[in-house]
Amino acid sequence: MFPLLTLVFLLAAELYPATSGAQVTPPLDPGAVSEANRLLEEELKVAARPQVYVVLDLSRSVVLVKGRGIELSQIPIVHWRQSGDGAVTGVYRLRTRPPVNRPKAAPTDTLSPIELDDMPEAYELEFDPGLVIAVSPPAGERFWTWALTVLREWWMFVWALLGLGTTPDVVNIRLYLTLSPSAGQSLAWSLTDGMTLLIGRTLP
Amino acid sequence: MATGARLPHLALCGLGVLMFGMVPSVESGSVGTQMAKEGPPSSLSRAVQPLMARHTTLKQKLAQLGPTGHYIVVDTGHNRLYVKRGKETVLSALASTGSGTILDKPNQPGAQWVFDTPRGEFTIQSKLTNPVWVKPDWAFLEEGLTVPSNPAQRVETGILGDYALGFGKGYFIHGTLYPRLLGKNVTHGCIRLSDDDLRSVYKLARIGTPLMIF
């Protein structure tokens, strides 16, 4: 009964999001600019090294894949929500990218390669320190995938309440990103083990 | 419109809090609402000015980290290669990148070749004309052949096209005998281009040209 009700509540939240659009442009105020400056200061350190990294800007509802400060790719977020204590802004490191089933070749075999379509649409990403990002498609596009994600979330919540969950590492914040199926696959594809993630505000 | 749409959401989330305590503390849209609560516009603009000056300085510093001349971007998911200069795209080309498949190494339990195009930031390290392919072990094993002991038997000409641009660890941007496979993930990690696009990239790129692969 409870899982079903949870499903109904969250489905309503998905179908009637808190804002009419995907993103909100905040007015230019000191708090917003300070936060953007903090992100830039962190990004300067990250971009100084030869690497591709990810910037998650929740105020603009967008994921940016970047290198040397240059935007390489932009992935729109349909909807997001955060649970847990504290501010999510900061620098994180991805433990491992979403798993993918790699075909194993035998001599003279002709194999199907791994393509973007083979990447998962729903997955969880663990970051250090203490961040989990759960990606799932919108209920309107992949209802059952979305429903399974929500039920899993509910199950984990109940499990944790009962003190039965196994939490090897401290997770302070969980971020739930709703991405279109293709955007979810693009993000999964773009990630690499140990990749740096910056979360904060960028100014247009 | 937006207010009407919020009502069922808020009501249902409220119920969710009572029943499950799992409704988020922050979500899409709440960021802008929080910002709007701060002081009156005139004091805001005065306070914002030094912060914006700092913002402009930081953005300039970040921009200085970017390449000054041409650079190459490869999107392995969509099999596209771009040559860019600043924000301008000078060339957009269909490419083939790594298949992501694996092959066991013989007589080495647990060791494998993984045919991915490497991700990250690289530089063009070599520019070759009329390159020859020195076939690695896996090329023979894939064909069910014995790996030759004579290095001369590894050399094949006419496979890689007219040019090759090396970006380290044996990976190259080169041509292809199979243009119909451009746009697909079929290579062993190298980046294949059509003859015309390869010629253009060869002309635009220099030794040291940055290459970003994602």
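Start your tour by selecting A:Gly163, the residue with a positive phi, near 75 degrees, that follows helix α3 of chain A. Keep in mind as you click around that this is a predicted model.

**Stop 1: helix α3 of chain A**

Now select residues 143-161 of chain A, which make up helix α3. How far apart are the end C-alpha atoms of this helix? They are 27 Å apart, and this agrees with the 27 Å that 19 residues should span at 1.5 Å a residue.

Next, pick out A:Trp146, A:Ala147, A:Val150, A:Glu153 and A:Trp154, which are buried residues of α3(A). Turn the view so that you look down the helix axis: the buried residues fall within an arc of 125 degrees, so they line one face of the helix. Then select A:Trp144, A:Leu148 and A:Ala160, exposed residues carried by the face turned away from the buried side.

**Stop 2: a nonpolar patch**

Stay in this region and select A:Trp155, A:Trp159, A:Leu161, A:Leu162 and A:Leu164. These residues form a nonpolar patch on the surface, with about 560 Å² of accessible area together. One of them, A:Leu161, lies in helix α3 of chain A. Is A:Leu161 buried or exposed? A:Leu161 has a relative accessible area of 64%; since exposed means over 50%, A:Leu161 counts as exposed.

**Stop 3: all of chain A**

Zoom out and color chain A by secondary structure. You can look for 4 helices and 10 strands. From the N terminus on, the elements run α-α-β-β-β-β-β-β-β-β-α-β-α-β. Chain A has 204 residues, of which 51% count as buried. The chain exposes about 9300 Å², with 58% of that supplied by carbon and sulfur atoms. Of the contacts in chain A between residues at least 6 apart in sequence, 71% join residues at least 24 apart.

**Stop 4: salt bridges**

Side chains of opposite charge can pair when their charged atoms come close. Over all chains, the count comes to 18 salt bridges. Here are some to visit.

Select A:Glu41 and B:Arg54. They form a salt bridge, and their closest N and O atoms are 2.9 Å apart. This pair crosses between chains, from helix α2 (residues 30-47) of chain A to helix α3 (residues 41-65) of chain B. A:Glu41 is partly exposed, with a relative accessible area of 30%, and B:Arg54 is partly exposed too, with 36%.

Go on to A:Glu121 and A:Arg142, a salt bridge whose closest N and O atoms are 2.9 Å apart. A:Glu121 sits in the loop between β6 (104-105) and β7 (123-128) and A:Arg142 in the loop between β8 (131-136) and α3, so the pair ties together parts of chain A that are 21 residues apart in sequence. A:Glu121 is buried at 17% relative accessible area, whereas A:Arg142 is partly exposed at 34%.

Now select A:Glu124 and A:Arg174. In this salt bridge, the closest N and O atoms are 2.5 Å apart. Which strands does the pair link? A:Glu124 is in strand β7 of chain A and A:Arg174 in strand β9 (residues 173-178), so to trace the link, follow these distant parts of the chain, 50 residues apart. A:Glu124 counts as partly exposed at 30% relative accessibility, while A:Arg174 counts as buried at 16%.

For the last stop, select A:Arg95, A:Glu126 and A:Asp128, which are linked in a network of salt bridges.

Notes. Residues are numbered from 1 along each chain as its sequence is written. Chains are lettered from A and ligands numbered from 1 in the order in which they are written. This is a predicted model: local features need pLDDT of at least 70, side-chain atom pairs count only at pLDDT 80 or more; totals for chains, interfaces and linings use all residues. Side-chain values use heavy atoms; hydrogens and water are left out. Helices (H or I, at least four residues) and strands (E, at least two) are DSSP runs, numbered from the N terminus. The expected span of a helix is 1.5 Å times one less than its number of residues. Buried means under 20% relative accessible area, exposed over 50%, partly exposed in between (1.4 Å probe, protein chains only). The arc is that of the directions from the helix axis to the C-beta atoms. Patches are made of residues with over 30% relative accessible area and no salt bridge: like charges are joined within 9 Å, nonpolar side chains (Val, Leu, Ile, Met, Phe, Trp, Tyr) within 5 Å. Accessible areas come from the Shrake-Rupley method with a 1.4 Å probe; for residues, only the protein chains shown count as cover. A salt bridge is a side-chain nitrogen of Lys or Arg within 4 Å of a carboxyl oxygen of Asp or Glu. Contact means heavy atoms within 4.5 Å.
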